[in-house]
Amino acid sequence: MCTESSSPCCHGTNTPSGDSRPLASESYKSAVEDLNGLQTNHDIVQMIRASGGRMNEYSIPEFEAFMEKIGYRVEDLDRLNVIHVTGTKGKGSTCAFVSRIMQQVDSPRRLKVGLFTSPHLIEVRERIQIDGKPISEELFAKYFYETYNRLRSKTPPLRKVSPMSPDMPMYFRFLNLMAIHAFLSEGVDVAVMEVGVGGQYDSTNAVRKPVVCGIASLGLDHQSSLGSTIDSIAWHKAGIIKDSVPAFTVPQEDAAMHVIRSRAAERNAPLSVAEPLPAG
């Protein structure tokens with residue numbers, strides 16, 4: 001988790017034209033401080049557990065409402081040509097590999113490739129990358145406060161999905177919103193999006209028309225919110241599969257593979273299994 005220190009500089013204040021602006025590093029530090037003030041994934045998991053899982057049902061509609069609040073429609077995600085990846089082991093590495101491969105695609109012009117991933121090792125900027133590099137401190141502060149201030153503004157009012165719906169997204173969902181805003185503003189050609197937890201109810205699953213979906217190796221993880229069996233976890237992970245969108249996975253346990261194949265069949269999605277490369 002992020003260890004950046006905070007700074008007592010202006011927090012998201014728009015500086016009038018002609019006034020001296022705070023240094024990018026100071027703005028970045030204040031952005032990190034404000035970001036760390038949002039609810040963490042651990043807080044949300046505890047709330048989901050207390051609600052008996054019902055909060056999960058509202059996660060995607062709530063995320064769509066937050067998107068509306070900052071000026072986007074769900075359909076805008078289609079412009080990002082999303083490559084959506086989930087799994088238990090290897091999903092982050094898969095996203096990094098795919099991002100690198102897409103940067104090498106032979107086309108009339110080099111593709112601009114966005115990557116949204118988690119967690120970060122040193123700086124939170126690592127979670128939002130363009131062409132293999134974390135966005136700069138200046139861009140992070142810019143897109144952070146554009147997102148943050150729109151969410152905190154009283155107009156337009158936030159569409160409440162349920163009485164339990166929060167007024168602000170938690171840490172991961174905020175960064176997901178911010179990544180969408182950054183990628184659309186920067187005009188990326190393709191966005192590689194790594195699922196945070198599960199898949200079915202993860203905020204990244206707001207995308208309705210990815211170009212391809214991938215499911216890395218599955219195992220027992222986040223059992224308090226995904227279930228205690230491999231087939232239950234596979235159901236959540238396979239929730240990213242979309243109607244008629246190609247999906248790829250790797251060899252899985254029989255129970256997990258059965259669920260993945262069933263969910264792909266339900267959505268008429270062609271499913272391919274990427275077998276391990278031969279040794280040597």
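Pro119 sits in the loop between strand 2 and strand 3. The peptide bond that joins Ser118 to Pro119 is cis, with omega about -5°. The model is predicted. Its chain has 280 residues, and 50% of them count as buried. The chain holds 9 helices and 8 strands. Of the contacts between residues at least 6 apart in sequence, 73% join residues at least 24 apart.

**Backbone features**

- A cis peptide bond also runs from Thr155 to Pro156, with omega near -10°.
- Pro156 belongs to the loop between helix 5 and helix 6.
- Asn81 is not a glycine, yet its phi is positive, at about 50°.
- Asn81 lies in the loop between helix 3 and strand 1. Its relative accessibility is 34%, so Asn81 counts as partly exposed.
- Ser244 is not a glycine either, and its phi is positive at about 60°.
- The loop between helix 8 (230-237) and strand 7 (247-249) holds Ser244. With a relative accessible area of 48%, Ser244 is partly exposed.

**Aromatic pairs**

- The whole structure contains 9 aromatic pairs.
- Phe144 and Phe174 form a tilted pair, because their ring centres are 4.9 Å apart and their planes meet at 50°.
- Phe144 is buried, at 0% relative accessibility. Phe174 is buried too, with a relative accessible area of 0%.
- Tyr148 has a relative accessible area of 12% and is buried.
- Ring pairs join Tyr28, Phe140, Phe144, Tyr145, Tyr148 and Phe174 into a cluster.
- Arg125 lies over the face of Tyr28, 5.8 Å from the ring centre.

**Nonpolar cores**

- The largest nonpolar core contains 44 residues. Leu35, Phe140, Phe144, Met178 and Phe183 have the most contacts inside this core.
- Two or more residues come from each of these elements: helix 1 (24-36), helix 3 (54-69), strand 3 (128-130), helix 5, helix 6 and strand 5 (190-194).
- Helix 6 gives the most to this core, with 11 residues.
- Which residues does Leu35 touch, not counting residues up to four places away in sequence? They are Val124, Phe140, Phe144, Tyr171, Phe174 and Leu175.
- A second, separate core has 16 residues, including Ile215, Ala256, Val259 and Ala269.

**Helix 4**

- Helix 4 (residues 91-103) has 13 residues. From first C-alpha to last it reaches 18 Å, close to the 18 Å expected at 1.5 Å a residue.
- Lys91, Cys95, Ser99, Met102 and Gln103 are buried in helix 4. They cover an arc of only 110° around the axis, which puts them on the same side of helix 4.
- An α-helix has 3.6 residues a turn, so residues three or four places apart point the same way.
- The buried residues of helix 4 pack against strand 1 (82-86), strand 2 (113-116) and strand 5.
- Phe97 and Ile101 are exposed, on the other side of helix 4.

**The loop between helix 5 and helix 6**

- Ser162 is in the loop between helix 5 and helix 6, and Pro156 is found in that loop as well.
- Is Ser162 buried or exposed? Its relative accessibility is 7%, so Ser162 counts as buried. The cut-off for buried is under 20%.
- Setting aside neighbours within four places in sequence, Ser162 is in contact with Tyr58 and Glu62.

Notes. Residues numbered from 1 in each chain as written. Predicted model: local features only at pLDDT ≥ 70, side-chain atom pairs only at ≥ 80, totals over all residues. Heavy atoms only, no water. Phe/Tyr/Trp six-rings, centres within 6.5 Å; stacked < 30°, edge-to-face > 60°. Buried < 20%, exposed > 50% of the residue type's maximum accessible area, 1.4 Å probe, protein only. Lys NZ or Arg CZ within 6 Å of the ring centre and 35° of its normal. Core = buried A, V, L, I, M, F, W, Y, C linked by side-chain atoms within 4.5 Å. Helix = DSSP H or I, 4+ residues; strand = E, 2+ residues; numbered from the N terminus. Contact = heavy atoms within 4.5 Å. Expected span 1.5 Å × (residues − 1). Arc of directions from axis to C-beta.
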